[in-house]
Amino acid sequence: MTSGHHRYRLWGAGLGAASLAALGWALVTTTATQAQGSPPAPTPTLQAGEIADGGTLPAPSITPAAPSPKVRIVFKTIPPGPATVSWGKKKLGFIKPRAPLVVERPRDSGPLDVIVRAEGCVPVHTRAYTFTDSTLLVKITPVDKKNTLFGYREAPPPEEDAGAPASGGGPDAGASIPLPTPR
Amino acid sequence: MDAQAAVAAGYTLVDLGDDWTPYILAEQHDETGRPLQNRYRRVFIGLETDALDSDGEPLEPGEKNHLELYGIFPAFSVLRTRFLEDQSRSCVDAAGQPALEAVETVSYVSPEDTRKVERRLSHIRQELEEARHKAHAKTLAALVVKRPELEPKLKLLERRAAEKLAMAEVEKRLTCEGLLGHKKGHLHTTGVYDDAMRLAVRQFQQKNMIYEANYLRRKTMDALSRAMLDNDHDALLRGLRERVVDAAGVVEDGSTDGRNGPPQYQAASGQREMVRNLADEYTKAAASQMGLDTAAGALAFFARHRATDFGHLRAAVKLPGRPEYYAPHMDLSIVVDRGDVWYDPPFDENDHWHPQPRKHYPSLTLMLRYRNQNIPLARWRTTVGGWRAEQASNGYEYYRYKGSDIGPRVIRHVTSGPVWIAPTSTPIRSLVKGKIINKSWQQIVNYDELGPGYLSAYGVVAGYFVVPGKDGRNDFDNGIRAHGSSDYLSIYSQNGYSHGCHRLPNHLAIRMYDFLLHHRTVRVEGDAPMAFSRQFLFKESVYEMRIPSRGFIFTLEPPLPVNVLEGEIKGNLKKPILEYVPKPGLRYPGPPPPLPNSPEARAGGSGAASPTGGAEESP
C-alpha cells in the first residue's frame, strides 16, 4: 500500500487553504497518479498505508519497463495434429503437427474465445488471455472417445422399466427413493 | 497549492475521476514500490465508463452497461452525458401520468397466456353485463350494490383496465428512454409483457438500482413515473455516496437502527452517543458543498465541466468529524445470524412440495468492540445455505443440503476480483453461455459465473471463512465465504438461499471490505496467478475453462473474528441430511453416488437452481 505523496493542484484558480475554508469545498486534479484508497481522513488519520510491520510503504519509486504493446499467443494441440482455430467469424489459422499457430494481439485487449476443430474430434471451445504471452495446449478428443470426457451422460434405462419394483421390492430408477435418514 | 494543504486544512478528498475504483480494486504497490497488477481493475473501470463489457471486450458503440444494481456505479462522465441528454426530455407525459399513478403494480401475464386472459376477462365482462341487465341496474357499480357477491369480479375488471392503460404508459416511457424497441431480435408486441419488454424493464431496474423481480412492481412503477433528470439525480447521489464513503473510510449507514432508533454506546466522556448514519450524513454534506443536492444544481455542475475534466477530478470537501471510536486498527468482527433454518427437504416422499416460511431472515452484522461495549456498525440481509441442485458424478442432478457452518471462524484473506473454480458438481448447463464473438454467435464457457466479475459466484469481492490451524497446521477451509453477489433476489426474497455462503449485494460487500482494509492491519499480497484448466462435454462440444488467476489477495493480520449463530431450527429434522436426495419427478440410472467435498463446491454459482426454481420470484 502506499501513502499518497503526490502533488495536486487546485482545479481552477490557485487558492490557498484560507480560501478553501471560505469556499467550503474545492475541486482538485492530480498532476501525478495517486494511489487510490489511501485518502486522508476527516478526523483521525486513516491507516490505509499501514502494513504488517507497522511501517508505511514508500511512494512508487520503480518505473517498470513498458511492456510491449502486443502479446503472442501460441496454439498447440495434444496429441499434436492438424487443427483449425477460429475466433467468431474469423479463421485465425491452422495448427500443424510441427508448426503451432502463433497469433499476436494487442496487450490487455480482452480475451479471445476460440474454437479449435480437428477432423474426427470433438470441437473444443477455449479461451486465450491477452495479459501476457502464453501457450495454449488444447487437448483434442476423438469423437469415439467422447465417453471419456467429463459431463458425458449415460442414457437412462428404457421407459418401460422405469418405476418397476426391483427384485426384493426396493425402489428402482424413477421410483421415488425414500429420504435418507439424517446423521 | 497542493491537495495535501487541503487535507491539512481538514478537507477530505473525494475522487470524482473516471478511473476511480473502490479501495479493493485501487492501484497497489509492493514493498519496493513496484505496481501490483489487479486484473479486474481494468474491466471494472471499463464497465463504469461504458467502455468495456463484462468480459473486458469493447462495448458496441452506443451500448450502455447500466450495472448499478450489481454494484458498479456509472462514472461521472457517464452521468454527465445522461444529465446533458436528459435535460431536454423528461419522458414524462403529463396526459398519461394519471394512468401510471393509478396503479401500484401491473399484473404479469405471460405472452402465451395473454389471449387466454383476455378471453376470460371478456367472459366476466359479458357475465356482469347480463347480470346488470337482469337486475335492472343502470351501471355495474349499481349492480354490485344489489349483488355484492359480484364485486370481486368487477374489481378485477377495473384493475385490469387500469393496468392496461398503465402498461401503455410504461411502453411509452421505456421507448422514450431508449430501452424498448431498439434491441435486435426482440420485437415488442404492444400490450404484451414479452422478452423485449422484460429486457427493457430489467435495464431500467439496473439503471435505477431497483431491487425488484423483473416485473412492473411498486418501486419500478414509481421510478417510471418520475422525470429522467430526477432519476439521474438519484443515480448521481448513489454514485457519490460510494465515493464519499470510500474517501472517508466509514461504513455506518443506519442499517443497525431499531424500533427505538440507532444503537447507543457510552463515549469516553460518559455520555451516551448514538451510532450515526455517516453514509447519509457525509453524502449530504458533500453534495451540498458541491451544489449537487438538487437535480438543477447537478445539471449546472455537469454543464460547466467538460467530459475530459472527469479524467482525474477530485473534490476537497469538509465533512463532520468521525466518532471517537475510529482508530487506525479497530477491534472489528462479523456476526452472522442464520435466522430461521429448515433442514427438512421442501418436498416429501410423494414428491409433494411444502412451503418453508421464515419470519427471521439471515443477517450479517459488522461489530466493533470499544470500551468494553459491542457496537453494531452495519447490519445487512444476507443468505445462508439451503437445498440446492447439484450435478453428481453420474452426470445427473440431485438435491443436496448445503448449509452454513456455525460457530467461530476468522477471515484471514480478502480477495478482490475473486474467481470461483466451479467444482465438478456444478450443473454443466450453467457453465455455458452464448455470446456474439467477432460478429458471430458462439457458445463459450460462462466466465460470468466463474469470475472475476460482478456476476460471478463470489461477486466482486470475497472474504474466506476458515478455522485457524493450530500448532503449525493449515487453516481449515470448508468453503464458506462472505462475498458480493449479483443474485440480489436470493438475498432479499422469501425463498432465497445460497450454497452455504453469506451473500451481500456487491456494493455492500465492497463497502464492508473497503472499511475492513482501511481499519485493520493489512498485507497486500497481490495477484495470485494459477494455471487452472478443465474440459467438459456439453452437447456435442468440449468446453475448456481456463483460469489464469485466483484474484487479488489481501491478508488481514491479525485475521478478523467471525461468529455464525445457529438461528432457530424449524421443521422436523434437527440436523441436516448429508446425502444426495433425488429430484422429484426425475428418473435415475441407480442409487445416488457419494458426495464430493471440496471447499469450492460450497460456494456454488447462481446457475445452480434452488429447489423452488431458482431465486427468481414468480410475479
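Is S493(B) buried or exposed? S493(B) is buried, at a relative accessible area of 2%. Buried here means under 20% relative accessible area, exposed over 50%, and partly exposed in between (1.4 Å probe, protein chains only). The model is predicted: local features need pLDDT of at least 70, side-chain atom pairs count only at pLDDT 80 or more, and totals for chains, interfaces and linings use all residues. Residues are numbered from 1 along each chain as its sequence is written, chains are lettered from A and ligands numbered from 1 in the order in which they are written, and side-chain values use heavy atoms, with hydrogens and water left out.

S493(B) lies in the loop between α14 (488-492) and β18 (502-505) of chain B. Helices (H or I, at least four residues) and strands (E, at least two) are DSSP runs, numbered from the N terminus. A polar atom of the S493(B) side chain lies 2.6 Å from the backbone oxygen of L489(B). The side chain of S493(B) also makes a polar contact with the side chain of N495(B), at 3.3 Å. A polar contact is a pair of N or O atoms within 3.5 Å; within protein, one must be able to donate a hydrogen and the other to accept it, and residues adjacent in sequence count only if both atoms are side-chain atoms.

Aromatic pairs were searched for next. The whole structure holds 33 of them over all chains. Rings of Phe, Tyr and Trp (its six-membered ring) pair if their centres lie within 6.5 Å; planes under 30 degrees apart count as stacked, over 60 as edge-to-face and the rest as tilted. The ring centres of F347(B) and Y399(B) are 5.7 Å apart and the planes stand at 40°, so this pair is tilted. It links distant parts of the chain, 52 residues apart. F347(B) sits in the loop between β8 (340-342) and β9 (363-370) of chain B, and Y399(B) in strand β12 (residues 397-402). F347(B) is buried at 4% relative accessibility, and Y399(B) is buried at 5%.

W387(B) and Y401(B) form another pair. Their centres are 5.5 Å apart and their planes at 70°, so the pair is edge-to-face. W387(B) belongs to strand β11 (residues 386-391) of chain B and Y401(B) to β12, 14 residues apart. W387(B) is buried, with a relative accessible area of 3%. Y401(B) is buried at 8%. Ring pairs also join Y70(B), Y211(B), Y454(B), Y488(B) and Y492(B) into a cluster.

Two arginines sit over rings. The charged end of R39(B) is 4.6 Å from the ring centre of F131(A). R381(B) lies over the face of Y361(B), 4.0 Å from the ring centre. The criterion is NZ of Lys or CZ of Arg within 6 Å of the ring centre and within 35 degrees of the ring normal.

Strand β6 (residues 313-317) of chain B is mostly covered, with five of its five residues buried. In a regular strand the side chains alternate between the two faces of the sheet. L313(B), A315(B) and V317(B) point one way from β6(B), and R314(B) and A316(B) the other way. Strand β1 (residues 12-15) of chain B pairs with β6(B) in the antiparallel sense over four bridges. Two strands pair if DSSP finds at least two bridges between them. D15(B) stands opposite R314(B).

In chain A, an open sheet of three strands has the order β6-β3-β9, with mixed pairing. Its edge strands are β6 (101-106) and β9 (134-139). Six bridges join β3 (residues 70-78) to β6(A), and the two run antiparallel. K70(A) has P106(A) as its bridge partner in β6(A).
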